[in-house]
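Subject: Structure handed over, with notes

Dear colleague,

I am passing on the structure below, together with some notes on what was found in it. Please read the notes with the structure open beside them.

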Number of protein chains: 2
Amino acid sequence: MKNDGLLIVFSGPSGAGKDTILKRLLETNADYRLSVSATTRAPREGEVDGKDYHFITKEKFQNMLKNDELLESAEYCGNCYGTPSGPIRSWQAEGHDVILEIEVQGGSQIKTKCPDCVSIFILPPSMEVLEQRLRGRGTEADEVIQKRMMRAQKEIEEAVHYDYCVINDTVEKAVDEINQIICAEKHKVYRNADFIERMLNHA
Amino acid sequence: MKNDGLLIVFSGPSGAGKDTILKRLLETNADYRLSVSATTRAPREGEVDGKDYHFITKEKFQNMLKNDELLESAEYCGNCYGTPSGPIRSWQAEGHDVILEIEVQGGSQIKTKCPDCVSIFILPPSMEVLEQRLRGRGTEADEVIQKRMMRAQKEIEEAVHYDYCVINDTVEKAVDEINQIICAEKHKVYRNADFIERMLNHA
């Protein structure tokens, strides 16, 4: 049942622990690849081109848009951001599952362009735990925390558009459940139609 | 994410190893329940009522049909067979996943009545291996083996109507993959809509 790799779209509110989960997923499975966004903004101190972002010119970005080489794109504070489709397609063709972390609007654009992608929404165990995690990060003012909680609430409302949800109770459990979702998706009959046809024709 | 248990429909050609897989699944997970068919045929030597089949009268069977208490039914050699929905619904309500082994025609009836069921088709690694397994069983005549192979071919053609397929290469691997499919299905967003709503409303 060797097939193209999957495109896995990952979203969830800030504080749900997406980054920690992704890091662990990539550490524990050498077959996964992480999609890197392209941006027209300047690199910040310490950011590495091709790792944190593909840093490209506005002209290049416009060309990619025009040539339909971006799975999604957005503008933020005057800078453009987007997901290049080229590397994703190449990795998938090599059988690698590609993971793409993105906020809910971008996730929705990708689902429209790639209905075959597997979308997973990371949830906190509860809104109380989410607030604790956001507060635990540092010395943010109450007002900032409240704004983030309102944003998280809006993001979680979008979870209904995702295929799967995973509660980040413990990182190990969440990573294990995500791996099981990916395994299950590879066993979908429609992804194995070729295998079944070959089996029947070689009889 | 505590919900109703799943209804898992299991099919596959004779020789694919469904029975061994099911036995191992039930041995290794005390939460699974196995659906028992009802039949109007007389018990054979050693068969236990309620374990091998629910042995019932024709009148009782007709009543169950009339009252829509069977998820599927079929007649074979003048005897009626069917899947009682009552025990399945009760187990599901208690949170147990219910496994139902059935041939492809029955599987199709169940998918129509219970679109929410998870259907899994067990495949042999190849038609050659299937033939070896069928021959290995005993001293069947070539003609019998050929008939079974033709039937298997027809059954495998129906695999396209199932949600998932699992290749029975080794029993351990197949059982592991089935458990992962069941885990993944429990994380489908639509099965957790209540949880997400409660989370948002308790914010």
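In chain B, strand β3 (residues 38–39) is joined to strand β6 (residues 79–84) by 2 bridges, and the two run antiparallel; strands, numbered from the N terminus like helices, are DSSP runs (E, at least two residues; for helices H or I, at least four), and two of them pair if DSSP finds at least two bridges between them. The model is predicted, so local features need pLDDT of at least 70 and side-chain atom pairs count only at pLDDT 80 or more, while totals for chains, interfaces and linings use all residues. Residues are numbered from 1 along each chain as its sequence is written, with chains lettered from A and ligands numbered from 1 in the order in which they are written.

Within β6(B), G82(B) is the bridge partner of A38(B) and also of S73(B). Strand β5 (residues 70–76) of chain B pairs with β6(B) through 5 bridges in the antiparallel sense, and these two strands form a hairpin with 2 residues between them, where C77(B) in the turn has a positive phi of about 55°.

Turning to the helices, the axes of α5 (residues 127–136) and α6 (residues 142–157) of chain B come within 10 Å and cross at roughly 140° (axes are lines fitted to C-alpha atoms over the stretch in contact, with angles from 0 to 180 degrees between N-to-C directions). α5(B) and α6(B) are therefore oblique to each other, a term for angles that are not under 35 degrees (roughly parallel), over 145 (roughly antiparallel) or 65 to 115 (roughly perpendicular).

Best wishes
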